[in-house]
Amino acid sequence: MNNFLKEIKGFIVLSVLVLAAFLIHQYLCDRFTINVPLKSIYLFNYFAVTVFLIISKANLIYKVINILTFFILLTLIKMLATLVFFLYLDNYLDYEITLIVYNFFPVYFLLLSFEVNNLKKSLNNI
C-alpha cells in the first residue's frame with residue numbers, strides 16, 4: 001500500500017497544483033473580464049501531462065524505447081496536439097486567439113516544469 005501511495009503522489013501533487021492554479025487564474029480572468037476557455041486550457045494541459053507521465057513510467061518499466069528518444073517523440077506528439085487544440089479553438093469557437101495563447105502558455109510551462117521535474121526524479125531512481 002505504501003508503494004502505491006508513493007507512485008500516485010506525483011499525480012496527487014499535479015492535481016492539487018492544477019486546481020490551485022485554475023482557481024487563481026479564474027479569479028484573475030473574472031476580475032479583469034478576460035474571456036478565454038480556461039476549463040478547456042487546464043483540462044487539455046492536465047490530461048497531456050498525465051498521459052505523458054503514465055506512458056513515460058510505463059516505458060521506464062518495460063524499456064521499449066531509449067529514454068531520450070521517447071521523451072523527444074512524446075514532446076513532438078504533445079506539440080502537435082497543442083497545435084490541433086489551437087486550430088480547433090480558432091476555427092470553431094468565438095475567442096480571440098491571442099488571448100488564448102497568452103493564457104495557455106503560462107499553464108503549459110508550469111505543468112511542463114512539473115513534468116520534467118517528475119521525470120527527472122523517476123530517472124534518478126533507475
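**The whole chain**

Read from one end of the sequence to the other, the protein follows the pattern α-α-α-α. The model shown is predicted. Display it as a cartoon: there are 4 helices and 0 strands. The C-alpha trace spans about 45 × 30 × 20 Å along its principal axes. If you colour by burial, 33% of the 126 residues count as buried. Consider also the contacts between residues at least 6 apart in sequence: 70% of these join residues at least 24 apart.

**First selection: helix H1**

Select residues 2-31, which form helix H1. This helix has 30 residues and reaches 43 Å from its first C-alpha to its last, close to the 44 Å expected at 1.5 Å a residue. Where is the kink in H1 centred? Centre the view on Ile8, and you will find a kink of about 40° there.

Next, show the side chains of Gly10, Leu14, Val18, Ala21, Phe22, His25 and Cys29, the buried residues of H1. When you look at their spacing, recall that an α-helix has 3.6 residues a turn, so residues three or four places apart point the same way.

Move on to Thr33, which follows H1 and lies in the loop between H1 and H2. Its phi is near 45°, a positive value in a residue other than glycine. Most residues other than glycine have a negative phi. Is Thr33 buried or exposed? Thr33 has a relative accessible area of 70%, and is therefore exposed.

Then select Lys63, in the loop between H2 and H3. The phi of Lys63 is also positive, near 50°. With a relative accessibility of 62%, Lys63 counts as exposed.

Finally, select helix H3 (residues 67-92) together with H4. Two packed helices are described by the angle between their axes and the distance between the axes. For H3 and H4 the angle is about 160°, and the axes are 13 Å apart. H3 is therefore roughly antiparallel to H4. Their crossing is right-handed.

To see the contact itself, display side chains on both helices. On H3, the residues that meet H4 include Phe71, Met79, Phe85, Phe86 and Leu89. On H4, the residues that meet H3 include Ile100, Phe104, Phe105, Tyr108 and Leu112.

Methods
Residues are numbered from 1 along each chain as its sequence is written. This is a predicted model: local features need pLDDT of at least 70, side-chain atom pairs count only at pLDDT 80 or more; totals for chains, interfaces and linings use all residues. Side-chain values use heavy atoms; hydrogens and water are left out. Helices (H or I, at least four residues) and strands (E, at least two) are DSSP runs, numbered from the N terminus. The expected span of a helix is 1.5 Å times one less than its number of residues. The bend at a residue is the angle between axes fitted to the seven residues ending there and the seven starting there. Buried means under 20% relative accessible area, exposed over 50%, partly exposed in between (1.4 Å probe, protein chains only). Axes are lines fitted to C-alpha atoms, for helices over the stretch in contact, and angles run from 0 to 180 degrees between N-to-C directions. Angles under 35 degrees count as roughly parallel, over 145 as roughly antiparallel, 65 to 115 as roughly perpendicular and the rest as oblique. A crossing is left-handed if the near helix is turned anticlockwise from the far one by less than a right angle, and right-handed if clockwise. Contact means heavy atoms within 4.5 Å.
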